Amino acid sequence: MADCIRVPLLLLLMCILSAVHHIRGDNSVVSRLTGNADNLQNPAGGPGPVAVIPVAAERSLAAGASLPRRRSAGWKLSEEAVCREDLTRLCPKHSWNNNLAVLECLQDKKEETEIAAECNHLLWNYKLNLTTDPKFESVAVEVCKTIIPEIKECAAEELGKGFLVSCLVDHRSNISDYQCNQYITKMTSIVFSDYRLICGFMDKCREDINTLRCGSISIGEKDIHSQGEVIACLEKGLVREVEEQAGAHTIKDDCKKAIMRVAELSSDDFHLDRYLYFSCREDRERFCENTLAGEGRVYKCLFNHKFEETMTERCREALTTRQKLIAQDYKVSYSLAKACKSDLRKYRCSVDTNIPRAREARLSYLLLCLESAVHRGRVVSGECQGEMMDYRRMLMEDFSLSPEIVLQCRSEIEGHCSGLHRKGRTLHCLMRVGRGDMGAIDPNCQRALQTLIQEADPGADYRIDRALNEACESVIQTACKHIRNGDPMILSCLMEHLYTEKMVEDCEHRLLELQYFIARDWKLDPILYKKCQGDAARLCHTHGWNETSEMMPPGAIFSCLYRHAYRSVEQGRRLSRDCKVEVQRILHQRALDVKLDPELQKRCLTDLGKWCSEKTEAGQELECLQDHLEDLVSDCRDVVGNLTELESEDIQIEALLMRACEPVIQAHCHEVADNQIDTGDLMECLVQNKHQKEMNEKCAVGVTHFQLIQIKDFRFSYKFKTACKEDVLKLCPNIKKKVDVVICLSTTVRNDTLQEAKEQRVSVKCRKQLRVEEVEMSEDIRLEPELYDSCKQDITRLCQNVAYGNAQVIECLKENKRQLTSRCHQRIFKLQEVEMVDPELDYQLMRVCKHMIRRFCTESEGKNVLQCLKQNKNSELMDPKCKQMITKRQITQNTDYRLNPVLRKACKADIPKFCQPILNKATADSELEGQVISCLKLKYADQRLSTDCEDQIRVILQESALDYRLDLQLQIHCTQEISSLCPEEAAAQEQTGQVEECLKVNLLKIKQDPCKKEVLNMLKESKADIFVDPVLHTACALDIKHHCAAIPPGRGRQMSCLMESLQDKRIRLQPECKKRLQDRIDMWSYAAKVAPAEGFSDLAMQVMTSPSKNYILTVTGAGVALLFLMGLLCGRFTKRVTQELKDR
């Protein structure tokens, strides 16, 4: 019968033995067979009696089963002496009268049970005769007479040559008749009990059996129970060949086909795989006791328990071998082939002419083909999808079922992942190696892993990945319980909770290992593929789900999608809304780990090792690359730059940052977050609320980091880029750094404003956004790189423990301005100059006085805010902190006239006129320390200033008279005297001029000439305006109201009025006013002695402001009149010269 298998190989067979076990309960059938036992040497040996077979058929069958010596009619196996002992010992007595029952009992006994060799030989010859005698076909013709005509291949077989039964065995999946089915089942059981009985198998595999030493083919040399080991040996040899193991033998193609065919024909009932049957009998009883045989159910049950601790190693090995055969040919799985038969035909999964025929049978090809149909939205039966899921899970559980993994990843397994075989642990270990967490991986191994992930497609259902499922079960039950079990969104949910309190470490590792490979092929995220396959085909020229293109590899397609995701309407060719949502979701996930972005990792591998090797926390690697943007190689810099540009538009891509900032977003930015459509508003809101109480350290650090990154390229600030792109190209070409762009545009705006240009060159929308950027930059010194670089040493030395935020470091540097290095001092001075011109850029002032500005200065322009605050400084409603900040700014302004734009404008003619010597001595880098203002004060006392300048100096005099700190020259020269003579007055929180009064009172005690000069100048200034002397003005306020109300202030007029009132005995001044006036007269007298007039104007001023002014003027006038009279009366003192002398 070497040529008996002539029909083409078909799909897997139907369940057979399950029905046989049901027949055991059929008493009528048993009784009929028992009644005819004497007339039948039953050929259908196997597990259980045959269904009702007509008596004529039984007789024909008996005649056909001819043993070596002729048996009498009614011969029974139990009567043979060679088997009687084994029968008595092993089989129940009620089965002795039925040859089939005896055959079943002895054939299926445990392997270690010994049966006499003679009995074995007798049984084997009995079965051999049944399967080779052409007369045996008469039974088949009788029992299957209605079925044979329906099967064309079997109807065409010539009778009498033994081919019919073999044909029926091949086509048993198509046999619907119950009796015929049972008959063929019996025959199958007989055939598969010994490889030598399988039609043609011995001839095709004889050479390979001998080469592989799988056993002898001589009849009788091996007992019946070892014959399954021969096939098992060949199967293992085939697996070794596929995996290209060392010393593997190449099995002939005919034998390969025979091996796979045997595996296929035994796929429905595990009894037919004799080696596996004997290896797993105990395990079947332990794990699958209630599983009915047939349709591959026992196989599947055992597969599901393959990695149980109590599973025997021999059974596990046999199951693995069978799974490997299934991986080579899906038809070896009866249930899979049956469930997916129509779908395979429907989606033409077996007619691909572009690949070798052998590959079409591969389980991987079937899975990819049907998964492609599912992902394209085609209907695949639920039964088939269930089978596919079982085998996808099987591939993920055991890496050894994928020969490419075994072959290509051998060194990685031996080096890193040995001993982790069970439950998908080895595969996840290889994934971890593939991520680069455990050293380098061979590119071929990497590709094999990627292919396996595509075949198993765990992204569609996380349960396929057993290691992930077990590791993340607790997280799924808590964080993702609202999502249907098995939904693809479970993986996204797990990613959303990555690095949160709900995530456990083992789940985190398994998740990142899987996502690493899913991220490298956009098709492996089923939701993304579903929503974007149309866009990908339209914009990125993609092919089918399981097709690839060298022009557009899977990893490049997502890059193509996100480039189109953020295009404007004007740019055209945008993604659909649903696809864009999914692209954003993937971007959010990738931001969690740099290794989830294939393009970034590929191009930045060198830079990651060079700059970021110590950055191991979540999200740190990308931040590190952004920090070193200028140092990166060109390709890496482009990728990081593009990603940062996307983040500026949609900061929600930064999932870790968003998670950290959740409290602030909920409290202050929820409306922006809910309504944001890629506008950059959310980040702007976070920046504006960076110092709210809800802001935590992680969020603040993240927001500041993003601000620092933005300064490296104006494109990284989405709103600024959108508003000012055209202006930048027109006015600031070739400038890339955001700081430089802001300075360029700000300078343009300032120049246009100062020159009163008819039309501003910078657009309105850009000017508006420019103001936002300038304010944001003023919040942190690090956002102004030139200033930061100039002052790094000073910050370390003077402001080491000061936080950068809220402009605190800048404020610290301002307060320590005298101790700064020259370079830093110069930068701080320029910063202050800009802030005084535009107080809205003074972050500390605007922050501290925010509420006071709303209260007092709502109608003031931005540039006049400080002026407004100064005017309301002494209001009872003024906030103390704001008042203190205003005083600081006043002190700053009084250090140099250039820091007071109002004074500078009002006195632009007076300063060079009266204070040019001071200007000549000054350098561009140094401050004038109040010298110009002191100069103007003196000229104010001389009443020589212009009206506008006089008004401004009067304000300064009035302010500094109340607070000595506003008079820089006084503070510089009288520091020692103030601390020694006026400590209590200087320590007072509220300065009301008491320090100045103290210095005046203690004028005689002052030893230092510079300080004494400053106090004398104060006295001189107070003579010019009583408002400059707050103590005197307070004491005499009532008298001024009564006696000098009609006299305007300034130029010493009100002071002269009070002096005249003091001389007039008719006027009674208030005692305090009278006392203070008398003190001032004494001080002025002393001042006149100590500091005589320096010129005629100074002398005239002293006279005019002297209490004895009238007396002095009267005496002076009388003297001049006396000289005039003497001249009239006495004539000339000299002799008149004659005309002649003149003419000479």
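Partly exposed, as I use the term today, covers relative accessible areas between the buried limit of under 20% and the exposed limit of over 50%. Arg393, with a relative accessible area of 22%, is therefore partly exposed. This is a predicted model, so please keep that in mind throughout.

Let me stay with Arg393 and its partner. Asp390 makes a salt bridge with Arg393, and the closest N and O atoms are 3.4 Å apart. Both residues sit in helix α22, which runs over residues 382-397, and because they are three residues apart, about one helical turn separates them. Asp390 is also partly exposed, at 27% relative accessibility.

Glu599 has a relative accessible area of 21% and is partly exposed. Arg603 is partly exposed as well, at 37%.

Now a salt bridge of another kind. Which residue forms a salt bridge with Arg435? The partner is Asp593, with the closest N and O atoms 3.1 Å apart. The pair links distant parts of the chain, 158 residues apart: Arg435 is in helix α25 (residues 425-435), and Asp593 is in the loop between α33 (577-590) and α34 (598-603). Buried or exposed, then, for Arg435? Arg435 is buried, at 6% relative accessibility. Asp593 is buried too, with 8%.

The count for the model comes to 64 salt bridges. Some of them join up: Glu997, Lys1000, Asp1029, Glu1072, Arg1076 and Arg1080 are linked in a network.

Next, the cysteines. A disulfide is a covalent bond between the sulfur atoms of two cysteines. How many disulfides does the structure hold? The number is 29. I will go through three of them.

Cys83 is joined to Cys119, S to S 2.1 Å. This pair links distant parts of the chain, 36 residues apart, with Cys83 in helix α4 (residues 81-90) and Cys119 in helix α6 (residues 117-132). The link is right-handed, with 110° about the S-S bond. Both Cys83 and Cys119 are buried.

Cys540 is joined to Cys560, S to S 2.0 Å. Cys540 and Cys560 are buried.

In the third, the sulfur atoms of Cys732 and Cys744 are 2.0 Å apart. Because the torsion about their S-S bond is about -90°, this disulfide is left-handed. Cys732 is in the loop between α42 (718-731) and α43 (738-754), and Cys744 is in helix α43, so parts 12 residues apart in sequence are tied together. Cys732 is buried at 2% relative accessibility, and Cys744 is buried at 18%.

Last, the surface. Arg847, Lys850, Arg854 and Lys881 form a positive patch. Of these, Arg854 is in helix α49 (residues 850-856) and is exposed, at 54% relative accessibility. There is also a nonpolar surface patch made of Phe1124, Leu1125, Leu1128 and Leu1129, with about 490 Å² of accessible area together. Leu1129 belongs to helix α67 (residues 1109-1130). Why is Leu1129 called exposed? Because its relative accessible area is 74%, and the limit for exposed is over 50%.

Terms used:
Residues numbered from 1 in each chain as written. Predicted model: local features only at pLDDT ≥ 70, side-chain atom pairs only at ≥ 80, totals over all residues. Heavy atoms only, no water. Patch = residues over 30% accessible without salt bridge, like charges linked within 9 Å, V, L, I, M, F, W, Y side chains within 5 Å. Areas by Shrake-Rupley, 256 points an atom, 1.4 Å probe, with all protein chains shown as cover. Salt bridge = Lys/Arg side-chain N within 4 Å of Asp/Glu carboxyl O. Helix = DSSP H or I, 4+ residues; strand = E, 2+ residues; numbered from the N terminus. Buried < 20%, exposed > 50% of the residue type's maximum accessible area, 1.4 Å probe, protein only. Lys, Arg positive; Asp, Glu negative; His and termini not counted. Charge placed at Lys NZ, Arg CZ, Asp CG, Glu CD. Disulfide = S-S within 2.5 Å.
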